[in-house]
Amino acid sequence: MTKSDQSPFVFENTFSRTFKTEDNVYFNEVTPAAVSDPEWVSVNLQLADELGLQSHNLQSPKMLKIMSGDIRGTSLKPISVVYSGHQFGVWAGQLGDGRAITLGEHRINSTPTKYNELWDVQLKGAGTTPYSRFADGRAVLRSSIREYLCSEAMNGLGIPTTRALSLISSSTPVYRDDVESAAILCRVARSHIRFGSFEHFHYRNQSESVRSLADYVITRHFPEWLDTEDRYINLMSNAVLKTAETIAHWQAEGFAHGVMNTDNMSILGETIDYGPFGFLDSYNPDFVCNSSDINGRYSFKNQPAIGLWNLNALATALTTLIPSESLIPILKTYEPVFLSRYRSLMSAKLGLQKYEDSDEELINRLLALMNENSVDYSLFFRKLCLFSEDREGVRNMFMDRFAFDDWADSYSDRFNRQDLDASSIKRSMLKVNPKYILRNYMAQNAIEKAIQGDYSEVNLLLEILQKPYEEHPTAEHYAGIPPDWADQISVSCSS
């Protein structure tokens, strides 16, 4: 085997299987079903570098076979994991990896900030598993492009998330409303264990399995807690903290997840499972990005409350490990953590170096004004970076300009009370207010070209979304108001 044929994932001594040392009550061994005529749609070289992978290995013919589900001749022993969960507030029972197959765990040895971390390497769309529930286990190109781009867009915005290493298309047909091409996404994450993973065993009265799963998470991610009596309390406290901080990021950046079921909540508090997501165009707190969510349970404004609801469900699943009198005060930390992080993020977007109590009214007045005037959320904050030199340009985004003037006078007074000069504040604002977000119409453009075999738009969007605060002259057309037809795009749980 030549060097160019080698893959960092092929050899047993470089690919860990720590989860497989656990009782197989948690998973089933699965053999992926390879797709026909696979071809690269995109390879995420930036992420490959962060994971310590060599690009010539990642893009090799050998790797293309593995990423397409053909693991013949390798030592890989993939698994799919069981979990349950509450979906739209209703207990759904057993779910599990219906179309996700974990190849193993890659250990990072070359990046100081991630040194010795294990990252799951997972194929999404590689065929049926014991948890497919009569489905085909496949993913289509359109939904795979959306997840591939959005996970990297979220990372570019500094929001904790799973990542996407590669995406392939194929000639294998998939039958949905129409016949579509099968695609396989390679997803990587520090963990794919969910709130629903613990719920599964709790509601089956398998308390020892709950304990063993918690011990596994602690051993892998928080080994410093292993010998402490409070290790389970620490695990729950961390889930509350990280979930609150992540959802604060969602709210500050105008991101709607769309399907915040407990099986879509990571035990590490990272964003997972990109289905019917959407970034705000015009600011609308009632925005529902998922057409399947007919009651608006997962509307943009409801996300913080749903985060707490889901954490209560996790707490229930951990009652055999943590007494209720300890869980209640842990859950009560959620709201102050969320508010503190959200206020800090919003203050930074406004160019305010430190949040003050009076800023609450300033932020709320602004959001109400944006809602009443249908002002584009991301474009406003990007343009606000130039407020000190182009107040009129910001003003022109509002229909009720007198109402804007009233707010802007208050903002200007607050802005000018700071010690830093306007140019320094502008530079800091440009680093936290993105010029580019993944709007649905942008993803749709990439999907339509990709269906025709042209993957250039996928890779253009990947490039700009990984660096959303920078200037990208070739993508300037994506920095403005969405076209009128963008409002007609509809996504659902099946998207």
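Predicted model: local features only at pLDDT ≥ 70, side-chain atom pairs only at ≥ 80, totals over all residues.
Residues are numbered from 1 along each chain as its sequence is written, and side-chain values use heavy atoms, with hydrogens and water left out.

The second largest pocket holds about 350 Å³ of space. A pocket is here an open set of points on a 1 Å grid over the protein atoms alone, where a 1.4 Å probe fits and protein lies on both sides within 12 Å along at least five of seven lines; lining residues have an atom within 4 Å of a point. Grid points are joined across faces, edges and corners, and the volume is the space filled by probe spheres set on the points. The lining comprises 19 residues, and Asp-281, Phe-287, Asn-440, Ala-486 and Ile-489 lie nearest the centre of the pocket. By class, ten lining residues are nonpolar, six polar and three charged (nonpolar: Ala, Val, Leu, Ile, Met, Phe, Trp, Tyr, Cys and Pro; charged: Asp, Glu, Lys and Arg; polar: the others, Gly among them).

Asn-440 also belongs to the buried residues of helix 16, together with Tyr-441, Met-442, Ala-443, Ala-446, Ile-447 and Ala-450. Helices are DSSP runs of H or I with at least four residues, strands are runs of E with at least two, and both are numbered from the N terminus; buried means under 20% relative accessible area, exposed over 50%, and partly exposed in between (1.4 Å probe, protein chains only). The cover over these buried residues includes helix 4 (141–156), strand 13 (278–279) and helix 17 (456–466). Gly-453, with a positive phi near 90 degrees, follows helix 16.

Among the strands, strand 7 (residues 100–107) has seven of its eight residues buried. Strand 7 pairs with strand 8 (residues 118–124) in the antiparallel sense over seven bridges, pairing requiring at least two DSSP bridges. His-106 stands opposite Trp-119 of strand 8. In strand 10 (residues 163–175), Ser-166 counts as buried because its relative accessibility is 2%. Beyond neighbours within four places in sequence, the contacts of Ser-166 include Trp-40, Tyr-148 and Cys-186 (contact: heavy atoms within 4.5 Å).

Asp-37 lies in the loop between strand 2 (27–29) and strand 3 (39–43) and is exposed, at 57% relative accessibility. Phe-88 occupies the loop between strand 5 (84–87) and strand 6 (90–94) and is partly exposed, at 29%.
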